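Have a look at the model first, then read on.

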Amino acid sequence: MAGPLTVPRLPPHDPGTPALSVVDMHTGGEPLRIVLAGCPEVVGPTLLAKRRYMRQHLDHVRRRLMFEPRGHRDMYGAVLVPSELPDAHLGVLFLNNEGYSSMCGHAVLALGRFALDFGLVPAPPADAREALVNIHCPCGLVAAFVECEGGRSRGPVRFHSVPAFVLATDFLVDVPGLGKVVVDVAYGGAFYAFVSAEKLGLDVCSAKTRDLVAAARAVTEAVKAQFKINHPDSEDLAFLYGTILTDGKDTYNEEPTTNICVFADEQVDRSPTGSGVTARIALQYHKGLLELNQTRAFKSSATGSVFTGKAVREAKCGDFKAVIVEVSGRAHYTGTASFIVEDDDPLRDGFLLK
């Protein structure tokens with residue numbers, strides 16, 4: 001009988017290309033691949049400059065980790081970088097199937113746990129029940145509060161958003177194949193178009209995912225073509241990230257309201273979407289449907305996972321009236337991996353299937 005199989009630390013690979021070591025997590029079913037090691041230095045004096053540098057010079061890292069055969073078209077990632085902000089414990093660049101987003105709530109919830117467990121923040125006192133993790137996202141500084149016990153994370157995480165505001169309400173767009181559609185556009189660290197799926201002839205709770213994706217994509221493209229997105233702080237933030245289809249239940253109710261977010265290149269969020277919940281809370285508060293510190297539950301139509309959110313205080317973003325939103329959810333670890341490249345692999349930088 002042969003002896004036990006001896007597995008080398010890493011398979012044969014290009015010695016000039018460092019292995020990419022990652023920790024994988026998920027929040028409400030939405031994946032997060034956190035890069036531990038192997039990414040070249042991301043250069044830039046500010047986080048937004050680092051984001052531009054990575055897009056221009058290191059995009060192969062994103063493609064190798066997000067795309068097949070190492071990932072899939074709905075994979076999501078995070079590269080940790082130094083921050084120029086004195087109060088930040090870490091900076092982060094978010095990766096998706098299209099590029100680099102400005103905010104990601106599900107990732108912040110996961111990174112809160114990760115930062116505490118991997119020693120990226122000072123260890124809290126042994127009797128502490130919550131640890132603060134300040135995460136510098138491209139949209140700004142986001143404070144995460146991590147439930148802990150004995151200095152380790154446990155239970156849910158909550159975060160306080162950047163100022164969230166409404167850019168437009170009841171905006172009429174002409175959507176090819178769907179006709180005239182009324183949408184709202186709001187910002188929760190990223191800009192989203194919001195529309196009730198019922199207005200598109202769909203039930204967000206029971207329709208096939210491919211039908212919801214097709215409708216959301218059509219709305220996104222129409223809004224991009226017919227409405228100018230602007231952000232008072234930076235042009236880097238002035239883009240429509242995606243469309244969130246809702247069940248139309250915007251009036252306050254103790255029961256969860258359901259939505260699905262389609263962002264980037266038809267990427268489907270498995271979670272209720274943290275930055276989307278932020279924007280949706282801002283929208284409901286703006287319309288007078290929600291009061292400060294009134295908690296709502298938001299359910300993903302993809303997995304049934306739930307986040308909660310509430311507007312905790314009023315704020316300003318440029319001339320826009322805004323709110324700081326608290327979003328809560330649970331993140332879990334799923335594994336670790338080291339990804340390599342062989343120098344003769346024609347698909348070394350990955351591929352996507354439509």
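A residue counts as buried when its relative accessible area is under 20%, as exposed when that is over 50%, and as partly exposed in between (1.4 Å probe, protein chains only). This is a predicted model, so local features need pLDDT of at least 70 and side-chain atom pairs count only at pLDDT 80 or more, while totals for chains, interfaces and linings use all residues. Residues are numbered from 1 along each chain as its sequence is written, and side-chain values use heavy atoms, with hydrogens and water left out.

**The chain as a whole**

- The protein chain has 5 helices and 17 strands; these are DSSP runs numbered from the N terminus (helices H or I, at least four residues; strands E, at least two).
- Its radius of gyration is 20 Å, close to the 20 Å that the globule rule gives for 354 residues, so the protein chain is as compact as a globular protein of that length. That radius is taken over C-alpha atoms, and the rule is 2.2 Å times the number of residues to the power 0.38.
- Buried residues make up 55% of the 354 in the protein chain.
- Take the contacts (heavy atoms within 4.5 Å) between residues at least 6 apart in sequence: 64% of them join residues at least 24 apart.

**Helix α5**

- Helix α5 runs over residues 274-286, and its end C-alpha atoms sit 18 Å apart, which agrees with the 18 Å its 13 residues should span at 1.5 Å a residue. The expected span is 1.5 Å times one less than the number of residues.
- α5 is mostly covered, with 11 of its 13 residues buried; among them are G274, V277, I281 and L283.
- Just after α5 comes G288, with a positive phi of about 80°.

**Helix α3 and what follows**

- Helix α3 (residues 105-117) reaches 19 Å from its first C-alpha to its last, close to the expected 18 Å.
- For α3, 13 of its 13 residues are buried.
- G119 follows α3 and has a positive phi, near 75°.
- F118 lies in the loop between α3 and β5 (130-137), and F118 is partly exposed, at a relative accessible area of 41%.
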